[in-house]
Amino acid sequence: MLSRRRPDTGALSGFEALIRWLHPTRGMVSPAEFIPIAEENNLILPLGRWILQEGCRQLREWQLENPAAENMMISINLSGKQFLQPDLVEQVSDSLSETGLSPECLKLEITESYLMENSELSMTTINRLRDLGLHLSLDDFGTGYSSLSYLHTLPVSFLKIDRSFVSRMLENEENSEMVRTIVRLAQNLKMKVIAEGIETAAEMAHLQTFN
């Protein structure tokens, strides 16, 4: 799990589920190595279903153990192939029902480029997922082709700034202004913003100046 923290207080606000492969001889294997293979062989479908179920189960377990975690959220990534499954909404609904996790505590992250390539299907699926009461986040924003007019119509609550922007923003004013612009855009569209991959106190302090 990767933790999420509030920008004003630094308090823990939730988690992102991250998959890793503990190989018997190679040790810890990065998802960059095995996720593309899982996509090619459609193994991403049972794997994604397990991640969804396990993520919901783990957060609910923590909530029962610690009342302070009652309103925390778990963010779970959806692959493009998962999004194409006709029973995706039912899978999500079943995971929430079986684990007892409130829909308000689940956030599904969807890659911007996939939504742009499959706009009609995406909008139907997104609206059905939103009807469950959960949150949706636009992942890797700025790394693909962005349509501002399309972004305005998406029923997503969160916009996630890709780590490639965050890691370079202190290098020069131009990179910093790029991040500031994305933050301002999201705020104008009434979206909450997540900055991915903050690794230093300087990066945190710089982002806090953008609110």
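## A walk from the fold to its cysteines

The largest nonpolar core has 47 residues, where a nonpolar core is a set of buried Ala, Val, Leu, Ile, Met, Phe, Trp, Tyr and Cys residues joined through side-chain atoms within 4.5 Å. C105 counts as buried at 5% relative accessibility, buried meaning under 20% relative accessible area with a 1.4 Å probe and protein chains only, exposed over 50%, and partly exposed in between.

Before going further, please keep in mind that this is a predicted model, in which local features need pLDDT of at least 70 and side-chain atom pairs count only at pLDDT 80 or more, while totals for chains, interfaces and linings use all residues. Residues are numbered from 1 along each chain as its sequence is written, and side-chain values use heavy atoms, leaving out hydrogens and water.

C56 is buried too, with 0% relative accessibility. The sulfurs of C56 and C105 lie 9.7 Å apart, too far for a bond. A disulfide is a pair of cysteine sulfur atoms within 2.5 Å, and the count here is 0.

C56 also leads us to L106: setting aside neighbours within four places in sequence, L106 is in contact with residues including C56, L52, I74, I76 and V92, contact meaning heavy atoms within 4.5 Å. Both L106 and V92 are among the residues with the most contacts inside the largest nonpolar core, along with F83, L108 and L129.

Stepping back, the protein has 10 helices and 9 strands; these are DSSP runs numbered from the N terminus, helices being H or I of at least four residues and strands E of at least two. Of its 211 residues, 39% count as buried. Among contacts between residues at least 6 apart in sequence, 66% join residues at least 24 apart.
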